[in-house]
Amino acid sequence: MQEFRVRKRRYIALPARYLKVICEEFDVTGECVRLALSFRTDGDQPEAIRARALEMGGFIAYKAV
């Protein structure tokens, strides 16, 4: 019997109404925020965006891929 491993991708779940607020605070596009919240970008600004999202009530979640 073959054993399968489920790969998980982490992201920060945040209500959609806060995405625009973060975009305005950091003067970035919605795509930039989405990439940061899905951990697809790295650097100081994405880290700051993720920290702000967690402060606003977001939480780290995992999705099976």
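Where does Ile60 lie? I looked it up to get started: Ile60 lies in strand β2, residues 59–64. Helices here are DSSP runs of H or I with at least four residues, strands are runs of E with at least two, and both are numbered from the N terminus.

**Entry 1: ground rules**

I'm working with a predicted model, in which local features need pLDDT of at least 70 and side-chain atom pairs count only at pLDDT 80 or more, while totals for chains, interfaces and linings use all residues. Residues are numbered from 1 along each chain as its sequence is written, and side-chain values use heavy atoms, with hydrogens and water left out.

**Entry 2: the whole chain**

I went through the secondary structure and got three helices and two strands. Read from the N terminus, the order is β-α-α-α-β.

Next I checked the overall dimensions. The C-alpha trace spans about 50 × 20 × 15 Å along its principal axes. The chain has a radius of gyration of 14 Å, whereas a compact globule of 65 residues would come out near 11 Å. That radius is taken over C-alpha atoms, and the globule rule is 2.2 Å times the number of residues to the power 0.38.

Of the 65 residues, 26% count as buried. Buried means under 20% relative accessible area, exposed means over 50%, and partly exposed is in between (1.4 Å probe, protein chains only).

For charges, I found 12 positive and 9 negative side chains, with the centres of the two sets 10 Å apart. Lys and Arg count as positive, Asp and Glu as negative, and His and the chain ends are not counted. Each charge is placed at NZ of Lys, CZ of Arg, CG of Asp or CD of Glu.

**Entry 3: back to Ile60**

Is Ile60 buried, partly exposed or exposed? Ile60 is partly exposed, because its relative accessible area is 41%. Not counting residues up to four places away in sequence, Ile60 touches Arg10, Tyr11, Ile12 and Leu54. A contact means heavy atoms within 4.5 Å. I also checked Ile60 against Thr41: the two are 19 residues apart in sequence and 16 Å apart in space, C-alpha to C-alpha.

On contacts across the chain, I took those between residues at least 6 apart in sequence, and 65% of them join residues at least 24 apart.

Ala36 lies in helix α2. With a relative accessible area of 1%, Ala36 is buried. Leaving aside neighbours within four places in sequence, I found Ala36 in contact with Thr41, Pro46, Ile49 and Arg50. Ala36 and Tyr11 are 25 residues apart in sequence, and their C-alpha atoms are 8.7 Å apart.

Ser38 sits in the loop between α2 (30–37) and α3 (44–55). Its relative accessible area is 18%, so Ser38 is buried. Apart from neighbours within four places in sequence, Ser38 is in contact with Arg10 and Tyr11.

**Entry 4: cysteines**

How many disulfides does a search of the whole structure find? The search finds zero. Cys23 is in no disulfide, and the nearest cysteine sulfur, that of Cys32, is 7.9 Å away. The cut-off for a disulfide is a pair of cysteine sulfur atoms within 2.5 Å. I noted the accessibility too: Cys23 is buried at 14%, and Cys32 is partly exposed at 23%.

Most residues other than glycine have a negative phi, so I looked up some exceptions. Asp27 is not a glycine, yet has a positive phi of about 55°. Asp27 is in the loop between α1 (17–26) and α2, and is exposed, with a relative accessible area of 71%.

Phe39 also has a positive phi, near 60°. Phe39 lies in the loop between α2 and α3. At 25% relative accessible area, Phe39 is partly exposed.
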